[in-house]
Every structure is written in C-alpha cells, then in structure tokens.
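Take a look at the structure below. We will walk through it one piece at a time.

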Amino acid sequence: MFDLPAQRAHLSEKYDLAPSPELAASMSEIYSRMSRVVSPMDWAIYAPYIKAINDLKAERNAVILGHNYMTPEIYHGISDFGGDSLQLAIKATEVEADVIVQCGVHFMAETSKILSPEKTVLMPDMEAGCSLAESITAEGIEEMRRRYPGAPVVSYVNTTAEVKAASDICCTSSNAAQIVAAMDSDTVIMTPDQYLAQNVARDVPQKNVVWWEGSCIVHEQYRPQDLRDFREWNPGTRLIAHPECPPEVVAEADFSGSTSGIIKYVTDEKPEKALLITECSMASNIADALPEVDFVGPCNMCPYMKKITLEKVLFALDTMTGQIEVNTEVAAKARLSVQRMIDLSRQLGI
C-alpha cells in the first residue's frame, strides 16, 4: 500500500512541484497534444511533474511505455512510446535504455521484464492490476487442456507470467483472430477473455473456439440497449467497440477493433461524431490529433489504469522502487509464448 504522505514529502524535498503557469507556458509544445481535454489550470499543475520526470529519464537512461488507457498528461506528457499491448510488447524488445517505466498495468510490466530480462522494469504502482488477468491461473490452463486434449492454448497478453508460461502462444485484441486462424488444430482454447474469444469465433468460423469465462470489468459493463439508445438520441454518431465487449454489443457497433485498430479507423474515417465503446482515456488521447471529430457519449473507466499518476511515476524513477522480478524458469516459458506471438504477427504482416 502506498504511503502517499511520505511519498509526497520525499518528492517535495527534491523537486519544486508547485503549480507554475510560467513553466506551463514554456512547455506549450507538449500541451498542444492535449489542450482539448486538459484545462490550462490542470496543465499548470502537471507541468512541474512532467518536466521533472522528463529530466530524470535522461539521467536514468530510461524510457516510458504508455498504454492507450493512460491519462493524457501521462500518454502525451511523459511517454516515449504509446500504443496497445502488442505495440508495447514489441517496443520493450527494441529499446536500448537501461530502465523501462511501464505506464499501464502489472501484467504489461511483467511482459516487458520477460522480454528484456537485462533491463530494470519499474511499475509505478504495484496495485495496478487487471481483473481479467486475475481471472485465470496456470491451474485453469491445465483444466482447459484436460477438457480439450491436444488443443493449443492461445492466451491473451492480459495474463500473468505464470499463465503465459502455461500457454502455447499469446495474442492481443489486434491479432487474436489471425493467431487463432493460424493454429494447426480444429479446436483452439482461448483464455481468459470469453468475449474476445466469442468475437474471434465469429470471425474464424473454420475453428472450434472454446474459452475460459473471464472478462474485463470495463468492457463487460456495456449493453446492446445502451448503444441502441445512444444511436436514437444522437443520430449520425459512429459507434466503435472494442472486441472485449460482449458479442451482442459488438454486433450493434459500426466498427470493432483493438485500441490501435480503433485509432486507425477514426483517423481514416474522421466521422463527425464518434462514441468509443472502450476505456475513457482512449478518446482523450486522440482528441487533439483529430479536431474534426467530436468524441461524445459515455465511457467506462479502468480503476487499475488510473492508479498510475505523474506523482507515482516520478517517485518510482527517483527512488528506483517498484522493480519487477519474474522467476527465471517461468520467464523463459512465458517469453517463448510471447515471442511466438510477435514472430507469427510479423510473419502474418500484422
């Protein structure tokens, strides 16, 4: 559990973190990436933290990997690389920095450590977990193997190192259908997201896709009637859903895709109005790059992603705390599953 008063006292002794309109004005180039969704007052609060973090990154030879669900001040203010799980997994193998700061959730930091065991991987808040990742264990994988002998196990990257190690190959929402289609078996086990598996089963009818009954607390909340109501109240709005949503929700949407797929769709199509049926920060992080699109409507927030703050990132980098460690044997097996995903994705041109 974080001792926030002690953390803040430590930082205040070393850094001037008082809100500064003058510093904020001098960092206008960074602010321009998020000015549509971050107020000038908030920017004056964020600017001292962002400057301190970016200065400390150079000192530590560190890079920050920011998931698309991070808040704009993290995604645009301090992240060296942004993207979805697959993009960040690949980037973790390419960066030459000594330190990786993972702005996402715990399984992502584990994945970075698995792929780059020689690097120091920092997690700004160890309690930034994932309900989906926690819904399955390695024992659950073995249970599925007993139920479907000989079927390969394709596990979402939103899983622990132990689950990755027990699987044959990993996938993300952006490559799940292609990975499953490429398996040399009529029956394919998908874990742990039942809705992603059901949406993949629709897209890959040549396979008998069976699944573990896990789900994401953000995406499982959406209901088809929500989309029908919003379409009636806001005609002309493009409804864009993530494939972790239930299939009946995806069926009501105009488009379904991974976080990177959603960004590409909105960027290419530039609808007048768009409702992103996914985590809240997705729309915030692309709003300034697409001023012609009005991002409207409800969204659901991931409480785990929102545990990552500028303050916690600065503390982690300053003290080098929150280091991720993965058992060597587990890491080796998990690395094989993740690397198979990366290699197959590249082979398939994804």
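**A sheet, a loop and a helix**

Start with the open sheet of 4 strands, which run in the order E2-E1-E3-E4 with parallel pairing. This is a predicted model. Strands of a sheet pair through backbone hydrogen bonds, either parallel or antiparallel. Now find the edges of this sheet. Strand E2 (81-83) and strand E4 (120-122) stand there, and each has a single partner strand, so one side of each has no neighbour in the sheet. On average, neighbouring strands are turned by 20 degrees against each other, direction ignored.

Next, zoom in on one pair. Strand E3 (residues 99-103) is joined to E4 in the parallel sense over 3 bridges. Here Val101 stands opposite Leu122 in E4. Helix H7 (residues 106-115) packs on the sheet. H7 touches strand E1 (62-67), E3 and E4. The direction of H7 makes about 155 degrees with that of E3.

Move to the loop between helix H5 (72-75) and E2, where His76 sits. Is His76 buried or exposed? Its relative accessible area is 15%. Buried means under 20%, so His76 counts as buried. Beyond its neighbours within four places in sequence, His76 is in contact with Ile30, Arg33, Met34 and Asn285.

Finish with helix H8 (residues 138-147). Gly140, Ile141 and Met144 are buried in this helix. They cover an arc of only 105 degrees around the axis, so they lie on the same side of H8. Glu139 and Arg146, on the other side of H8, are exposed. What do the buried residues of H8 pack against? Their partners are strand E5 (153-156), helix H9 (161-166), strand E7 (187-191) and strand E8 (208-211).

Note on methods:
Residues are numbered from 1 along each chain as its sequence is written. This is a predicted model: local features need pLDDT of at least 70, side-chain atom pairs count only at pLDDT 80 or more; totals for chains, interfaces and linings use all residues. Side-chain values use heavy atoms; hydrogens and water are left out. Two strands pair if DSSP finds at least two bridges between them. Helices (H or I, at least four residues) and strands (E, at least two) are DSSP runs, numbered from the N terminus. Axes are lines fitted to C-alpha atoms, for helices over the stretch in contact, and angles run from 0 to 180 degrees between N-to-C directions. Contact means heavy atoms within 4.5 Å. Buried means under 20% relative accessible area, exposed over 50%, partly exposed in between (1.4 Å probe, protein chains only). The arc is that of the directions from the helix axis to the C-beta atoms.
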